[in-house]
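Subject: Structure for you to look at

Hi,

Here is the structure I promised to send over. Could you open it alongside this note?

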Amino acid sequence: AGEFAAGSRLKPDLLKQSYGCSASTMREILVRLTADGIVSLEEQRGFRVPASSEKHLRELTHLRLLLESEGAAMSISNGDIEWEARLTAAHHKLAHIESKMKDKSDIEPFVSVWTKCDWEFHDTLMSACGSDFLRQTHRAIYDKFRQQVVSELKYFGFRNETTVEHQAVLEAALARDPERCAEKLKSHLRVYRDKNDGRTG
């Protein structure tokens, strides 16, 4: 959610106060996040938020698009009415928080909740794919992707068009059209590939 700047140091002794745990527990958590690639560990420099770069963002966007398009296509093929209901509900939550963010000059207070709702929608889109490994891999890429987005782009990657793009993805999925769904996902993620960080473009 952009609480820590790219490259900033993460000190267990300070973080333990914010998260209400011991320094040893905090250190263990950071070690696990290092294994997941969410935190970097530099010799004699300690734990840090990974550096951001346009190259990393482009690569992660490409991987996310490949995984999510495949997962969505499989879900469209396998999903039942319950999947459709879950997807519609997840989109409703996402659209609600995005309506509050739209045209706001300061969206930072909404970013944490928005990120969770965005993840829930995109994961639910893939939830009927039948492959736990695909979803796990997508989650790992998504987390790294969001980390790069909040570092590289203004407004945490949110644009006023985002709501319309999510709606288009939903409609394509409910219409059981995997090709159109993949195209709408591609259009939605284009902003990150092009590194267009304006609120309206």
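Below is what I found in it, with the cut-offs given as they come up.

This is a predicted model, in which local features need pLDDT of at least 70, side-chain atom pairs count only at pLDDT 80 or more, and totals for chains, interfaces and linings use all residues. Residues are numbered from 1 along each chain as its sequence is written, and side-chain values use heavy atoms, leaving out hydrogens and water.

The chain's average pLDDT (the predictor's confidence in each residue, from 0 to 100) is 89, and 94% of the residues score at least 70.

Now to the cores. A nonpolar core is a set of buried (under 20% relative accessible area, 1.4 Å probe, protein chains only) Ala, Val, Leu, Ile, Met, Phe, Trp, Tyr and Cys residues joined through side-chain atoms within 4.5 Å. The largest one has 37 residues, and Leu125 and Cys181 have the most contacts inside it. Among the helices (DSSP runs of H or I, at least four residues, numbered from the N terminus) that give it two or more residues are α3, α5 and α8. A second, separate core of seven residues includes Leu10 and Phe47.

Leu10 also turns up beside Arg48: leaving aside neighbours within four places in sequence, Arg48 is in contact (heavy atoms within 4.5 Å) with Leu10, Gly7 and Glu42, among others. Arg48 counts as buried because its relative accessibility is 14%. A polar atom of its side chain lies 3.0 Å from the backbone oxygen of Gly7.

Best wishes

Terms used. Buried < 20%, exposed > 50% of the residue type's maximum accessible area, 1.4 Å probe, protein only. Polar contact = N/O pair within 3.5 Å; in protein donor to acceptor, adjacent residues only side chain to side chain.
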